[in-house]
Amino acid sequence: MLGNKKKSAPQVKNGAGTSEIKAIDPLRNLGVEDDEDVKRMLQGSNMVKVRSPHWQKRRTLKLLEDGVTVWCQSHKTSKRAKEQQSFSVMEVECVREGCPSDALRRMGDSVPENRCLTVVFKGPRKSLDLLCQSQEEARHWVRGIQTLQERVENMTQKEKLDQYPSSPDWIHAYLSRADQNRDDKMSYDEVQKLLQMINIDLSEQYACSLFQKCDRSADGRLDHGEIEVFCRELLRRPELDAVFIRFSANGCVLSTVDLRDFLKDQGEDASLVHAQSLILTYELNEWAQKNQFMTPNGFTMYMLSKENCVFNPEHARVYQDMKQPLAYYFISSSHNTYLTKDQLTGDSSTEPYIRALNHGCRCVELDCWDGDKGEPVIYHGYTLTSKVPFVEVIETIKEYAFKASPYPLILSLENHCCVEKQAVMARHLRAILGDMLLTKPLQGLDSSCLPSPENLKGKILVKAKKETARGDGSPSSSDFSSSDEETCLDEGKPKKKKEDKKTGVSKLSPELSELVVYTRSVPFKGFEQAAKSPATNMSSFSESEALRHIKDSGMYFVRHNSHQLSRIFPSGQRLQSSNFNPQEMWNAGCQIVALNFQTPGEQMDLNQGRFVQNGECGYVLKPPFLCQPDTTFNPENVGGGPAHKPVLLTVRVISAQQLPKPEWEKPSSIVDPQVWVEVHGVPIDNNKKKTHHVDNNGFNPRWDCTFNFTVHVPDLALVRFMVEDHDYTSSNNFLGQYTLPFTSLRTGYRHVRLLKLDGSSLSPASVFVHIKVTPCQSPSKSSSKSPAKSTTKKP
């Protein structure tokens, strides 16, 4: 069978015209062929999948020979079940030992903790709770998956190319499925099935012509070699060939001089050393590499690599000044972090904390309530959401707090507990977090000023109410309310009963209060009063309250946010955990814009795009005009002023590659893709334009549409590329997107690597674009409200 038999070793021609064989051994290329954990995974293991004390099924898990796919035996027959019979180790968020999940905890003492593990997936896929036959076996799988993830992540581009140097590996899986009679050859009907699978609808004339061209044996069937030729023809990129020919002096190869000219045109390092390094990295032809030439194949490899993506690779590391006060940064923040779904009936779990922290989130929320047996719990009060023990959330936070970022983590406590339970919370925080927990102001720094992320590296801060004594020694009345969000009128959350308020008795535990150092929650009582209070005070605003301040007092809100932290949270009326537009809040300098991370969509795309820069550490330095205490910047201003430095952004959408079908579509359907290019920023910059749709081609659609955008405040702007499936009879279906800061955009010919709805990779789907940025000579002549214009132009 084509997909299961060993692939013939690809041949690389040298200058003499002979061929040298490169062997394909994924495990060896990954460097794990002798790893004992991986060996055990290859042998397979019998386990028990657990969902509850009453639902337990036997499963066999086995690592496939590609070194990244784990097959999970199941007897289910539905399409969705079959799709979930396997998973890639790169789809795994983490593997947890013991009984950390709700399902395993409910098993109690009936299962040995040391034989259990939980596979937590990225995105919405449910976690996999497993009971192994021995502790040793569980550890093999935990370590093995972690080892494979690290190896794949750390592979160099050359190693990745050597892994599958022939036609891309994904094509072999489709060949296997299309070869219906398992004769290692493909008839014309089977070729048609293959085309349908890879989402391309060739005309009958072209499909037949291409088949006959590749059928050198003229027997009406393509053998293995002929299929490789057929796939190569399908994978041709005429638009890349055109760019190659434009810069090649002889039309056959790029010399180092040619390549330097191309790099200069791209606006990047055009040195001889860089050009030579690209040839060494991406050119597979040894003769060309030896003579410092780049062939069309090598050029294609380079153009498709991460090194040529639209996002500036220099911004993939921490490159910003991290020694400024906390108020000078946008901070990646989560709302109701414990929820997996909606606000009324969704499950509460520790797993959303893992996902958020692993994605660089630096402020998580804990809604704390009195629980049974003297222990506080976390859930959405007065609803049917399930409860998770406070202590388990803190243990999870300790484990994952600094895996993705070394910079400070803020715990936003929504405190609904009695004083006794608050004392229990304080004891758990101290005992579990230990030295991670910040309990005193940093030595040598003014305690009334905010320290920097660099000062607070590796520290966890508690954001909550703090009891402060008046002159008579009694606690401040502003501290009697327990929850920030309770005080907002439009929140829609049930209030505590009147009898809970006991006259003359503080609701705050001294033990918990003293853990609040630099992030003391206070009610907002106007900009004038806030300006006189310490920078360590901070206020929370509902989305509607924040928008009102932006519309009515934009400049004063910006000034406030140069001094103190502001937290913005979604309205309580968003019962389905939907999100507001975070860009409006960032425009005013609000730092902690808390979103429902469990709900994918445009708002979370913007959040991911905002924090993809600066090493995804969760802190992004605000532009200077948002940090100056006397700034005159107003995000609502459309007539120029501070920060208005208009530029013309020209985006040419050229083509796309290997766009997926929506998961719910019929196998026979082919997508009709179109691309949106959007600018999100201050109101005057908000704009979006779309290409026409291409009928029946998700494999290699071509548009050649050029759009112009005037961006007045580039330091705040985000650029979003979104691809959807056009539909005449209903709303268009989302296919993929990618969002990044305008300041991280690279000019020239670039590939935009698309992401799924949940923010995970959609590889190998991409959009090929050309980006140009020029200063605006007469910004008044360009209007971001002008209708979309598209022109057709060849490379």
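I began with A218, which is found in the loop between α9 (204–214) and β11 (221–222); helices (H or I, at least four residues) and strands (E, at least two) are DSSP runs numbered from the N terminus. I was working on a predicted model, in which local features need pLDDT of at least 70, side-chain atom pairs count only at pLDDT 80 or more, and totals for chains, interfaces and linings use all residues. Residues are numbered from 1 along each chain as its sequence is written, and side-chain values use heavy atoms, with hydrogens and water left out.

**Entry 1: backbone exceptions**

I looked up phi for A218 and found a value near 55°, which is positive in a residue other than glycine. Most residues other than glycine have a negative phi, and most peptide bonds are trans. A218 has a relative accessible area of 65% and is therefore exposed (exposed means over 50%, buried under 20%, partly exposed in between, with a 1.4 Å probe and protein chains only).

I then turned to S577, where phi is near 65°, again positive in a residue other than glycine. Is S577 buried or exposed? Its relative accessibility is 0%, so S577 counts as buried, although S577 too is found in a loop, the one between β20 (565–569) and α22 (582–587).

I also noted a cis peptide bond that joins S763 and P764, with omega about 10°; P764 is found in strand β30 (residues 761–775).

**Entry 2: helix α16 and its cover**

I asked myself how many of the 8 residues of helix α16 (residues 351–358) are buried. The count is 7, so α16 is largely enclosed by the rest of the structure. I listed the buried residues as E351, P352, Y353, I354, R355, A356 and L357. What covers them includes the strands β7 (92–97), β8 (116–121), β13 (363–369), β14 (377–378) and β16 (409–415), together with helix α17. Just after α16, I found G360 with a positive phi of about 85°.

I checked how α16 lies against α17, and their axes come within 10 Å and cross at roughly 25° (axes are lines fitted to C-alpha atoms, for helices over the stretch in contact, and angles run from 0 to 180 degrees between N-to-C directions). That makes α16 roughly parallel to α17, where angles under 35 degrees count as roughly parallel, over 145 as roughly antiparallel, 65 to 115 as roughly perpendicular and the rest as oblique. The contact (heavy atoms within 4.5 Å) is made by Y353, I354, L357 and N358 of α16 and V393, T396, I397 and Y400 of α17. By class, I recorded 6 nonpolar, 2 polar and no charged residues (Ala, Val, Leu, Ile, Met, Phe, Trp, Tyr, Cys and Pro count as nonpolar, Asp, Glu, Lys and Arg as charged, and the others, Gly among them, as polar).

Helix α17 (residues 390–400) also packs with helix α18 (residues 419–433), at an angle of about 30° and with the axes 10 Å apart, and the two are therefore roughly parallel to each other. On the α17 side I noted F390, V391, I394, E395 and K398, and on the α18 side M425, H428, L429, I432 and L433. This contact of α17 with α18 has 7 nonpolar, 1 polar and 2 charged residues.

**Entry 3: α11 against α12**

I next looked at helix α11 (residues 238–247) and helix α12 (residues 256–266), whose axes come within 9 Å and cross at roughly 115°. That makes α11 roughly perpendicular to α12. I found V243, R246 and F247 of α11 in contact with D258, D261, F262 and D265 of α12, a set with 3 nonpolar, no polar and 4 charged residues.

**Entry 4: N637 and the whole chain**

I placed N637 in the loop between β22 (619–621) and β23 (647–657), where its relative accessible area of 30% makes N637 partly exposed. N637 and M555 are 82 residues apart in sequence, yet 9.5 Å apart in space, C-alpha to C-alpha.

Among contacts between residues at least 6 apart in sequence, 69% join residues at least 24 apart.
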